[in-house]
Amino acid sequence: MNQHVITRRSCVNERVRVNQMEKTTSRSSSITDLDGDSLAHCASYLSLQDLSNMAMSSRSLRRLAYSDSIWQRVFRDHWPQEVSSISPQTGIREAYLARRTAMLQFKYLDPFVADFFTDSRPCDHILLENNDIIFSQGSFVHMVNIDRFLGGNSSFVTLSDHKARITGMRLFPLKETSLFRGEAQQMENVLVTSSCDHSIRLWWKGLCQRCFRGHNGPVTALSDKLLGEDSDKVLGSGGEDGTVRLWSLGSSGKRGRHALKATLYGHEKPVKLMSVARHKTSLLVTISKDSKVRVWDTSTSSAVRSSCCVGMTSVTGVPVDMKCHESLLYVAAGSSVVTVDLRTMQKVVTAAVYQPKLCSFAIMPSKSLICTGGNSKAMLWDIRKNQDKLKPEQVAELDGHTGPVTLLHMDSNKIVTGGPDDVCTNVWEADTGRLTNSLLCFFLGEASVGGGCTSMAVSGSRIVTASSSIAEENGLLRYRDFSNASCPVLSSEDEHDSKFWNPRSYSDPDSSDY
C-alpha cells in the first residue's frame, strides 16, 4: 500500500518537474526574450511582407520592424549606390518607401530600355510575365525573354498553332491545371489564348498542351479569373454564337478532350466581355454586344443548362469594359459607367460618369477611384463623393492626348494612358492625376519612324509598349524597367534637390529615348 502511494507521489512530482521544464524551455525560446540587437539581426533576413506582419504583431516588434538598421539593409539591397545620399533629417524607412513609390510611378528619366523589332502587323494583345513579353499578331503568339536577349541568345519564340486571329490572352496559375506536377512549378503560369478559329489553347513551356473546341464560331471572350474553389478549376469562354462555355482545366484528357463541362444559353448576341465575381467565385458575369448582362452560378450547371442564370440586367450603349469588385459590378458602356449590386441586380447609379464616348475604363476600388478614357483625354473620378447628386466627383482631367484614349492602366500608384494617335504614353499619379512622365513608344533613328501606341502592358516598375511604323515596314516593342533608374524627373513644383535623394549626384542620362 505504501509502495503504491510512494510511486504515485513520485509520478506526480515528475510530472510537475516536466511541466516546469517545459515552461522554462518555452519561456527561454520566446522571441521577446532576445535582446534588441539579436532581434534586429534576425529581422534583417525577413522579406518586406514578413516585416509588415511583424510590425502588426505588437508595439515592441513594430518599433523593431521600423528601425533604421533593418531598413538600411533593405535600402542597400535595392539601391546600394544611393544609401549615402539619404538626407539625415529623413528616416531610412521613409526614404525607402518614397524611393519605391517614385520607382513604381515611373518618375525617372533613365530606366533600362530594350527595343525589339517586329513585323508591321499591330500587336492585338500583350502581357508581361516575369522576364517574358508575350504578344499576339494575327494568328501568331510571340514570346520574348529579356534575360536571353541580354545574353545575346535567340530570344523570340513563336507559337503558330492557331489558324485565325487571336481574340484574347490570359495567364492562370499552373497549379490550378492538370499540368501541375510538383512543388517546384507552383509559381509558374500557363497561357490561355482564344481565337477566331473557334478554339481555345492552353500553352506551357512554349508548347500547346490542350486544345478546347466547342464554340460554333469565333471565341470572343475569356474569363478574367478561373471559377470555383476546389482543385478542378473552370475557365469561362464566350463566343460569337452567343453561348457561354465552361472548361475544366483539371481535365487530363489528351489534347483537351472531355474538358467541356457545360454550355450555357441565354444571350441572343455575341458575348463580348466576361468577369468572375470576387465575393463568390462560382459567379460568372457576361455581357453581350446588345448590352445585356447575365450572371451565371456555375456551381449549379450541368452539361447543357440555361437555368443557372441567376440574374439579368442591361445597360445603355456599346459595352467597353467591365470589372468585378467584391459583390459589385462596374460596367463601362456608351458614355457612362454603371454599378450593379450582384446580390440584388439593382443598379447603383452613384458611379455614373458622362463623357461624349468612353474608349477605356479602369478602377482602383481600394481608393474608390475610377478612370475613364474618352475621345481626347482621360478623367479621374472619386466615387465616394457627391453621392447625393448621383454622380462621382471629378478629381482631374488627364489631358494631352491627340486622339482616343484606348489604352488605360491603373494601380495604387499610377495611371498610364495612351492611344493609337499618341507618340507617347503618359504616366499620372493615381491619387491626384498629376502628370509625372511621358514615355516615347518608338525608336528615334534611321531604322524606324514611329507611329502611335497600339497596345501596352504594365507590371509594377515595368512597362512594355507596342507601336507600328507609319511606313508600315516594321513595328517595335519597347520594354522599360524603372527598378534601377537613378535620375529623378523633377516637376515644376520640386526644388533643385529632392527630399530623399540628391539628383545632382547623378550624371545626365545619355539616351536617344527622349
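**View 1. Seven helices and 32 strands make up the count for this predicted protein model.** Here, helices (H or I, at least four residues) and strands (E, at least two) are DSSP runs, numbered from the N terminus. The protein has 514 residues, and 50% of them count as buried, where buried means under 20% relative accessible area, exposed over 50% and partly exposed in between (1.4 Å probe, protein chains only). Take the contacts with a separation of 6 or more: 48% of them come from residues 24 or more positions apart, a contact being heavy atoms within 4.5 Å.

**View 2. Asparagine 130 sits in the loop between strand S2 (125-129) and strand S3 (132-137).** Look at its backbone: phi is near 50°, a positive value in a residue other than glycine. Asparagine 130 is also exposed, at a relative accessible area of 58%.

**View 3. Histidine 198 is in the loop that runs between strand S7 (189-195) and strand S8 (199-204).** Phi is positive here too, near 75° for histidine 198, which again isn't a glycine. With 34% relative accessibility, histidine 198 counts as partly exposed.

**Notes for all views.** Residues are numbered from 1 along each chain as its sequence is written, and side-chain values use heavy atoms, with hydrogens and water left out. Since this is a predicted model, local features need pLDDT of at least 70 and side-chain atom pairs count only at pLDDT 80 or more, while totals for chains, interfaces and linings use all residues.
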